[in-house]
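Student: I would like to learn how to read a model of this kind. Can we go from single residues to the whole chain?

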Amino acid sequence: MTDLLWQKSGVATDARIMRFLAGDDVVLDRELFLYDIEASAAHVGGLANIGIVSADDAVAIRRELATLADDFRSGAFVLDERFEDGHSAIEARLTERLGDAGRRVHTGRSRNDQVLVASRLWLKARLRELADLDRAVAGVCLDRAGREALPMPGYTHIQRAVVSSTAMWFAGFAESFIDNALRAEQTLALIDANPLGTAAGYGVNLALDREHTTRTLGFGRMQVSPIYAQLSRGKFEIAALDALGAAVLDLRRIAWDLSLFTTAEFGFVSLPPEFTTGSSIMPNKRNPDVVELMRASYAPIAAARTEIEQLLSLPSGYQRDLQLSKGSLLHGFRHGLDALALLPDLLAKLRWNETAMRASIEPSMYATDVAIEAAVAGIPFRDAYRAAADSAAEAGQGRTPEDSLAARTSPGAAGDLRLDLLRARLAELEG
């Protein structure tokens, strides 16, 4: 391992303790490394602005940082066990190439605000990705809701209840994912605060140009208080996981519906062939494995949130416990975003079995229509309700699913889906 950033003369290091301290950091930091380099370049620019680094040294350092980023992308530089973490690797590379100029890069900076800013930049990118995926899902759902309105049973308590439609099913998830996109963007606005320049949580005796790093790194605002910069670690990650979790909870419900609808007992849906797999022993099987793993994808997000929340039983100021939050965050987001990325294609390509859905609509499912029609005619609703319940088996006489759906004119229901309003909300988010 290269020389430790914090090594003191006369103090020996124990390899077992070093392994425990480093953990998986050097592997996890591969995900954050380019953001760490970007933030280092901004920090150097700020140091040059206040005369701590010469203009020539700043140019040389930024040039070497750009080269390191290119080498990392190409595989010419590998972040591995030679380094304690990504921060150490950057400083070691700059010192190797530039000598004293490289040794100046850490002036006024702690690994605490260094990891904060790199993870914050990473999280901003992931929340943008989340918002894009939420909008993509909403767009597919709105498109299909507008193109087809096939009658199907609507369920309560997983029992047939009233006549519904594929358009209503898609419209429901469209609106939900519009809200999910809004939540992702609101969370992005919450965490869009630059912690670089807060050092170890108490500032430094330098007039750091924090406005420069805030502007250069594209943050919406500066995180002012150094103490709050540390307090926000974990808090902001939980907010981001909550935004991701909201979308993946809806994904889980879609996956549950499709898991039921694709069974022979329902037979409402055929999945695209590429979303199914074969059995290792049963030649007749095509299994909805992708949908099942989508259904499971909330578990890593919930686990990540819980782990970070448990780590936050801490006093103010930086504590090393927070190192363990990094793996949880990366793991939770990877699972959630990978699952959501498959959803637009799945929803666009699934095929409804109109015959099976229509055959599952039974006469008693029109009983609510009968009761409300009687109430409109002047019969007190509770009396109309009892009469409709007594004759539920004959409620469908002379009725069709299409008539029932067309008569459902309460705003948002099948006869008045208000898709234009949902499209306008989505367009506003996209704008």
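**Contacts, cores and overall form**

Tutor: Start with one side chain: leaving out residues up to four places away in sequence, W169 touches M152, I254, D257, L258, F261, L347 and W352. Keep in mind that this is a predicted model.

Student: Which residues have the most contacts inside the largest nonpolar core?

Tutor: A nonpolar core is a set of buried nonpolar residues joined through their side-chain atoms. Here the largest such core has 77 residues, and W169, F333, L347 and W352 have the most contacts inside it. Helix α6, residues 111–147, supplies the largest share of this core, with 16 residues. There is also a second, separate core of 20 residues, which includes V44, I90, L94 and V105.

Student: Where does V105 sit, and is V105 buried or exposed?

Tutor: V105 lies in the loop between α5 (100–103) and α6. A residue is called buried when its relative accessible area is under 20%. V105 has 0% relative accessibility, so it counts as buried. Apart from neighbours within four places in sequence, V105 is in contact with H43, V44, L47, I61, E91 and L94.

Student: What about H212: which residues is H212 in contact with?

Tutor: H212 belongs to helix α8, residues 210–216. With neighbours within four places in sequence left aside, H212 contacts A42, G45, G46 and N49. H212 counts as buried because its relative accessibility is 15%. Across the protein, buried residues make up 47% of the 431 residues.

Student: How many helices and strands are there, and why is the protein described as more spread out than a compact globule?

Tutor: The protein has 17 helices and 8 strands. Its radius of gyration is 28 Å, well over the 22 Å from the globule rule for 431 residues, so the protein is more spread out than a compact globule. Along the principal axes, the C-alpha atoms fill a box of roughly 90 × 55 × 35 Å.

Student: What share of the contacts joins residues at least 24 apart?

Tutor: Among contacts between residues at least 6 apart in sequence, the share is 77%.

Student: And how do I read the surface and the charges?

Tutor: The accessible surface is about 20700 Å², and 53% of it belongs to carbon and sulfur atoms. There are 47 positive and 58 negative side chains, with the centres of the two sets 2 Å apart.

Conventions. Residues numbered from 1 in each chain as written. Predicted model: local features only at pLDDT ≥ 70, side-chain atom pairs only at ≥ 80, totals over all residues. Heavy atoms only, no water. Helix = DSSP H or I, 4+ residues; strand = E, 2+ residues; numbered from the N terminus. Rg over C-alpha atoms; globule rule 2.2 N^0.38 Å. Buried < 20%, exposed > 50% of the residue type's maximum accessible area, 1.4 Å probe, protein only. Contact = heavy atoms within 4.5 Å. Areas by Shrake-Rupley, 256 points an atom, 1.4 Å probe, with all protein chains shown as cover. Lys, Arg positive; Asp, Glu negative; His and termini not counted. Charge placed at Lys NZ, Arg CZ, Asp CG, Glu CD. Core = buried A, V, L, I, M, F, W, Y, C linked by side-chain atoms within 4.5 Å.
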